[in-house]
Amino acid sequence: MSLLAPELAQAALGRALARGGDWAELYAEERTGFAVSLDDRRVERPQSGHEIGASIRLVSGESTYFGHVDGLAEPDLLALADSVSQALRQEAREAVAVHTVDPKPAFAVAERPEHVPAARKVGLLRACDETARGAGAEVAQVSANYAETRRVVAIFNSGGFAAGDDRTRVRLGVQVVARRADRVETGHETRGGHAGFELVADRPEAIAESAARKALTALDAVDAPAGRMPVVVGNGFGGVLLHEAIGHGLEADAVQKQASVYAGRVGEKLAEEFVTAYDDGRLPGEWGSDAIDDEGTPTQKTTIIEGGRLTSYLYDRLRAHKGKALSTGNGRRESFRHLPLPRMTNTYFAPGDATPEDLIAGVERGLYAVSFGGGQVEPATGDFVFGVSEGYLIEGGKVTAPVRGATLIGNGPEALGAVDGVAGDLEIATGFCGKGGQRVPAGVGQPHVRIRALTVGGTG
Amino acid sequence: MTLEQAASAALAAAEAAGATAAEAWAEEQRGLEVRVYHEEVESLTDAGGRGLGLRVFVDGRSGYAYGTDLSEAGLRELAASAAAGATAADADEHDGLPDAFGATPVEGLSSPGVEDWPTERKIDLAVTVDRAARARKGVTQVEQTVYADQRGRAAIANSFGFASAYEASSAWAYSSAFAGEGADLMTGFGVGLAREPGGLDPEAIGGEAADRALALVGARQPESRRCPVVLDAFVAASFAGFIGGMLSADAVQRGRSLFAGKLGDEVAAAQLRLADDPTDPGGIASAPFDGEGSPTRRNALIEDGRLATYLYDTRTARKDGRETTASATRSSYRSPPSVGTSNLVLDPGESTLEELVRDAGEGLFVTDVAGLHSGVNPVSGTFSVGATGRLIEGGELGRPVREITIASDLVAMLKAVRGVGSEARWVPFGGSVKAAPLLLDAMSVGGS
């Protein structure tokens with residue numbers, strides 16, 4: 001379906017440039033979604049949304065002027081263009097004619113989620129509930145949530161460029177609470193992707209099993225050790241450490257403002273020879289994948305670290321122009337109500353030669369951090385803090401007792417330099433990334449990775 | 001179509017779609033945001049929008065749908081989606097519209113300044129904040145300065161015949177400054193909140209960002225210790241926000257709160273008083289009615305160290321056999337009402353920050369915490385968070401420190417409050433919180 005006639009897009013872009021500017025862009029979007037959850041055995045909060053709107057961005061030198069409007073009515077779009085143009089007092093510029101955009105899905109969607117009856121979605125939630133409750137008598141509470149979104153976007157800019165994308169994402173998450181006397185622990189698992197209903201319809205019980213196992217295991221957890229020690233980070237969601245502590249620092253807006261510890265360090269050797277990492281927005285079906293970014297640039301696989309050397313930052317159009325580089329297809333935005341920013345897509349360490357067992361066997365006393373509950377990083381310094389949601393002691397080269405309350409505290413470049421082993425079991429997990437008040441889906445991933453030494457803040 | 005007309009048309013559409021009861025929440029707002037870098041406009045956003053959320057009940061089952069198309073056809077589609085959703089849900093005997101509706105008069109929610117100030121003047125304000133931060137000696141960079149404002153209207157209508165609306169405006173500015181370089185680079189954040197731009201002090205906001213960064217230059221990891229801790233207002237607000245979330249009856253009833261079963265119990269030191277107040281015009285989240293049309297009121301949460309009440313909406317109140325505290329919040333028309341805090345107010349005490357630091361003697365002054373939401377177990381309340389700040393030596397602020405972990409549990413921490421500062425202020429951390437510095441008895445502080 002065509003969201004917006006090219007003639008209207010061109011007229012609006014022309015009006016936006018009526019008082020000057022280097023270029024202008026119109027971003028039109030139709031968003032639909034449905035979500036439903038289950039908690040305490042009860043299906044609740046079915047929610048549907050349907051929004052249509054557009055934004056216009058006018059760029060002049062280092063300044064951006066931006067506005068957005070609900071709906072795609074011609075008078076509203078032209079009024080928006082006029083309003084945005086008011087910021088400048090220069091010579092008018094022409095907008096080059098744009099062609100028709102017919103947004104199409106770039107990744108396979110075998111079963112369109114919006115065509116699946118709500119009862120089947122609820123069925124997934126009930127199956128997860130049952131599976132999790134069956135995992136052990138100590139499972140006290142289960143909640144599960146299902147969400148689908150579809151974003152059809154069309155992007156036109158005054159240089160005559162136009163592109164579209166039709167993005168469908170589904171996600172199924174399970175949270176399990178386990179209780180033994182006064183001890184209460186939780187476990188989470190999520191599966192999501194740029195895909196159709198088939199992704200979550202395939203053995204949803206596996207998600208519940210994993211969440212339940214984490215909660216039950218945590219009941220036996222001992223207090224986490226404190227101090228500096230080797231840390232083996234788990235595959236999949238363990239990659240959030242790379243995302244937070246390194247990835248954000250490679251986003252060109254932070255770099256250009258000298259607000260990143262990685263500014264001016266492309267080409268520098270930051271890690272051992274065997275460390276390579278990518279940001280890849282083209283991985284078929286992955287959570288952070290799209291055909292194009294939110295400025296219409298095709299997504300790509302960008303090597304950010306190769307053979308231990310920092311090779312590239314992540315650019316949107318604006319920062320690419322400023323940095324005399326090409327956009328890497330990382331100009332992403334939460335919706336038509338937001339300005340694009342350089343954002344990661346799917347960011348991960350490339351698989352190495354070791355096995356997870358090798359990495360663990362090499363640790364006399366340390367921490368096995370399987371998954372994180374979240375974290376925070378200061379991109380300017382690279383300092384980070386992560387809560388370990390599933391962790392184990394490593395003693396004498398073997399994984400022993402589960403631990404609770406562990407926190408990893410460190411610094412991005414230091415931790416990267418201390419990576420001394422990478423396994424081959426790459427996995428990409430489902431994350432949400434917040435930046436500048438915008439939340440976008442981001443894939444985080446890695447194989448098992450070992451860090452020589454990291455500060456573990458524990459309770460024990 | 002006005003918001004009121006859209007809300008009323010949505011109710012009619014809901015009835016036609018088979019709803020036995022319904023509630024429409026419509027909003028329109030206009031906002032401006034200026035981002036400044038190096039005293040120049042980096043981006044200027046001027047935008048508006050409107051939308052409507054419709055909650056329907058069909059024989060005890062509820063569904064929700066929202067959208068931006070407020071035409072008759074758009075509202076019919078919305079009503080059909082909400083009703084279809086409801087058929088997938090399980091019935092909930094406690095759910096439904098409130099028993100009583102109304103609007104509490106709250107003065108001063110809307111100020112003409114947001115509309116009256118021309119854009120150029122707002123840009124000047126942002127540039128003044130930026131310049132004030134950059135002017136401090138030792139500031140190496142101001143990463144970003146932002147001024148933003150918003151004015152809007154919200155209208156509610158339900159099938160019991162209640163309809164009301166209110167207007168509100170807000171303006172805020174913040175800046176993020178760096179001091180020091182390389183591995184010694186430290187950041188500082190300054191912020192101000194008001195109903196209109198005239199209520200902001202740009203020099204103070206920029207100066208605060210700079211001063212907070214400068215105070216941390218040269219920070220090192222200290223040795224582990226057990227010592228009294230002073231939390232500044234920002235940090236106290238973050239903790240208060242987390243505790244406020246745990247006081248939601250929804251969290252309690254779902255077994256996700258450490259405060260479950262503790263109503264009336266001693267949960268904090270006697271001098272700690274915490275309230276949720278949606279009627280304080282100083283609080284950005286104030287409103288005459290909550291997200292489901294119950295008239296708002298001030299709710300004391302922790303009084304004389306005892307847990308006075310949880311926060312309730314209609315559904316959670318019925319489940320506990322109590323009355324709603326009018327705490328159904330809505331982040332926008334895109335979300336159905338859910339229990340939450342409005343403005344948390346930590347009652348200020350008698351001591352200045354200087355006096356709290358002096359009383360601490362040998363301790364730690366915390367100006368930033370990281371990882372609060374990943375580092376706290378909401379059920380047990382145990383936490384381990386990263387912290388930055390300064391040592392307290394001989395009753396005075398000493399050398400800056402970083403890479404610290406503070407581990408404790410929330411109730412133990414609340415009971416350890418030994419002093420509450422007199423310098424209370426509104427901060428946007430942990431929601432909308434009026435916070436004051438806190439002095440805590442010895443806590444375990446992890447370093448090298």
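A crossing of two helices is left-handed if the near helix is turned anticlockwise from the far one by less than a right angle, and right-handed if clockwise. Helices (H or I, at least four residues) and strands (E, at least two) are DSSP runs, numbered from the N terminus.

This is a predicted model, in which local features need pLDDT of at least 70, side-chain atom pairs count only at pLDDT 80 or more, and totals for chains, interfaces and linings use all residues. Residues are numbered from 1 along each chain as its sequence is written, and chains are lettered from A and ligands numbered from 1 in the order in which they are written.

**A helix pair in chain A**

The crossing of α1(A) and α2(A) is right-handed. Helix α1 spans residues 6–16 of chain A, and helix α2 spans residues 74–85 of chain A. Their axes come within 7 Å and cross at roughly 25 degrees. Axes here are lines fitted to C-alpha atoms, for helices over the stretch in contact, and angles run from 0 to 180 degrees between N-to-C directions. Angles under 35 degrees count as roughly parallel, over 145 as roughly antiparallel, 65 to 115 as roughly perpendicular and the rest as oblique. The two helices, α1(A) and α2(A), are therefore roughly parallel to each other.

From α1(A), the contact uses A:Leu8, A:Ala11, A:Ala12, A:Arg15 and A:Ala16. From α2(A), it uses A:Glu74, A:Leu77, A:Leu78, A:Ala81, A:Asp82, A:Val84 and A:Ser85. Two residues are in contact if their C-beta atoms, placed from the backbone, lie within 7 Å. The contact residues of α1(A) and α2(A) comprise 8 nonpolar, 1 polar and 3 charged. Ala, Val, Leu, Ile, Met, Phe, Trp, Tyr, Cys and Pro count as nonpolar, Asp, Glu, Lys and Arg as charged, and the others, Gly among them, as polar.

**Domains**

In chain A, 32 residues of domain 1 are in contact with 21 residues of domain 2. Elements giving two or more residues to the domain 1 side include β1 (23–39), β4 (139–157) and α5 (205–218) of chain A. That side of domain 1 of chain A has 13 nonpolar, 9 polar and 10 charged residues.

In chain B, the contact takes 37 residues from domain 1 and 29 residues from domain 2. Among the elements that each supply at least two residues of the domain 1 side are β2 (40–58) and β5 (163–179) of chain B. That side of domain 1 of chain B divides into 20 nonpolar, 10 polar and 7 charged residues.

**Between the chains**

Chain A brings 56 residues into contact with 52 residues of chain B. Strand β2 (residues 42–60) of chain A gives the largest share of the chain A side, 12 residues. By class, this side of chain A has 21 nonpolar, 24 polar and 11 charged residues.

**Two buried residues**

A residue is buried if 20 or more other C-beta atoms lie within 10 Å of its own, exposed if 12 or fewer, and partly exposed in between; C-beta atoms are placed from the backbone.

A:Gln175 sits in strand β5 (residues 162–180) of chain A. It has 24 C-beta neighbours inside 10 Å, so A:Gln175 counts as buried. Not counting residues up to four places away in sequence, A:Gln175 touches A:Ser143, A:Thr186, A:His188 and A:Ala211. A:Gln175 and A:Ala212 are 37 residues apart in sequence and 7.8 Å apart in space, C-alpha to C-alpha.

B:Ala251 belongs to helix α7 (residues 249–253) of chain B. B:Ala251 is buried because 22 other C-beta atoms lie within 10 Å.
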